Amino acid sequence: MTTMKDVARLANVSTSTVSHVINNSRYVSPEIRQRIEAAIIELNYAPSALARSLKIQETRTIGMLLTQSNNPFYSEVVQGVERSCYELGYQLILCNTEGDPLRMTHNIEALLQKKVDGLLVLCAEAHLIPNEIFERYPSLPMVMMDWTPFNHVCDIIRDNSLHGATLAVNHLIDKGYKKIACITGPLNNPQAQFRLQGYRNTLIEADIKIYADYEVEGDFKFASGVQAMQSLLALTDPPDAVFCCNDAMAIGAYHAITQAGLNVGWDIGIIGYDDIELAQYMNPPLTTIHQPKDELGQLAVETLLNRIQHKDSEHIILTLTPILIERSSLK
């Protein structure tokens, strides 16, 4: 393997001069620079990224922990993260947790041993990152995305789920619906709790009765939307509209409604949350609450890079504002 010493020997200069040319870190005369560049081409020399990272204590690599899920929301957020990393000259390493706390800990250790510059976390698990991770890596730059199982140890970027749920249920009320059900996310997830709270608060403010059996817990996955909708349709007095706390469960609800011989929008209204790409292609297209997923990914990367550069600055919480996207799944 060709080394920097080989380049220096062929160009008849010191290795430090070769380094200055490669890193453009000091003025080198055009004549010497030309000799070094010619030697690099002749020897087909490629600088070692590992050696450079060890020298400057920077790998320009970001690690990301991700819940493995069939929910397209996650993949769409990752697209935004990966795009921002590419534009800013960073590489991204993805690790799935699969809902396993041991695997989460193993993945964090593996990423940190690879000397990633910082860590993004987009996980829906209820369990926390073990304290020993923070004890072992006290200055670990980390950004939590989308939900917040703990505070004060990292920067946080999250959706305003309480506001988003309020938008959704108010829109149902404005459309004339009175019997409004809710398919919630897993209630050990703070964002799911906020969306349920927004549902309840909005109905109370509108003086609309809340039926206990109109609240069915899901897990943010397609199948739970099917099962939850089936249980709602089996009630003696089923709802005329359903607020699904994410689009994946709303799509599952579509399936259950169709299987029951009913029509979404005509027989029962559905509103979702997230505005995944698939939502606009449903039949009928799904009315939903838009989460700015690209902005979430971009802000997460930018916030993490700022944390890497300012490790001792005060942690921040950024809240993104959801908006209503009106389509055809309501009457």
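A residue counts as buried when its relative accessible area is under 20%, as exposed when that area is over 50%, and as partly exposed in between. Keep these cut-offs at hand for the stops below; the model on screen is a predicted one.

**Stop 1: Glu76 and Lys293**

Select Glu76 first. Its relative accessible area is 14%, so Glu76 is buried under the 20% cut-off. Is Lys293 buried or exposed? Lys293 has a relative accessible area of 7%, so this residue is buried as well.

**Stop 2: Lys175 and Glu326**

Next, select Lys175 and Glu326, whose side chains form a salt bridge at 3.1 Å, N to O. Lys175 is found in the loop between helix H8 (161-174) and strand E6 (180-184), while Glu326 is in the segment after strand E12 (323-325); the pair therefore ties together parts of the chain 151 residues apart in sequence. Lys175 is partly exposed, at 29% relative accessibility. Glu326 is also partly exposed, at 48%.

**Stop 3: Arg103 and Glu98**

Move to Arg103 and show its salt bridge with Glu98, where the closest N and O atoms are 2.9 Å apart. Arg103 has a relative accessible area of 33%, which means that it falls in the partly exposed range. For Glu98 the value is 43%, again partly exposed.

The pairs at these stops are among the ten salt bridges counted in the model. As background, side chains of opposite charge can pair when their charged atoms come close.

**Stop 4: the sheet**

Switch to a cartoon view and select the strands E7, E6, E8, E9, E10 and E12. In what order do the six strands lie in the open sheet? The order is E7-E6-E8-E9-E10-E12, with mixed pairing. The edges are taken by strand E7 (215-217) and by E12; each has a single partner strand, so one side of each has no neighbour in the sheet. From one strand to the next, the twist averages 20°.

**Stop 5: E10 and E12**

Strand E10 (residues 287-290) pairs with E12 in the antiparallel sense, over three bridges. To find the pairing on screen, select His290 and look across to E12, where Ile323 stands opposite.

Definitions and conventions: Residues numbered from 1 in each chain as written. Predicted model: local features only at pLDDT ≥ 70, side-chain atom pairs only at ≥ 80, totals over all residues. Heavy atoms only, no water. Salt bridge = Lys/Arg side-chain N within 4 Å of Asp/Glu carboxyl O. Buried < 20%, exposed > 50% of the residue type's maximum accessible area, 1.4 Å probe, protein only. Helix = DSSP H or I, 4+ residues; strand = E, 2+ residues; numbered from the N terminus. Pairing = 2+ DSSP bridges. Axes fitted to C-alpha atoms, helices over the stretch in contact; angles between N-to-C directions.
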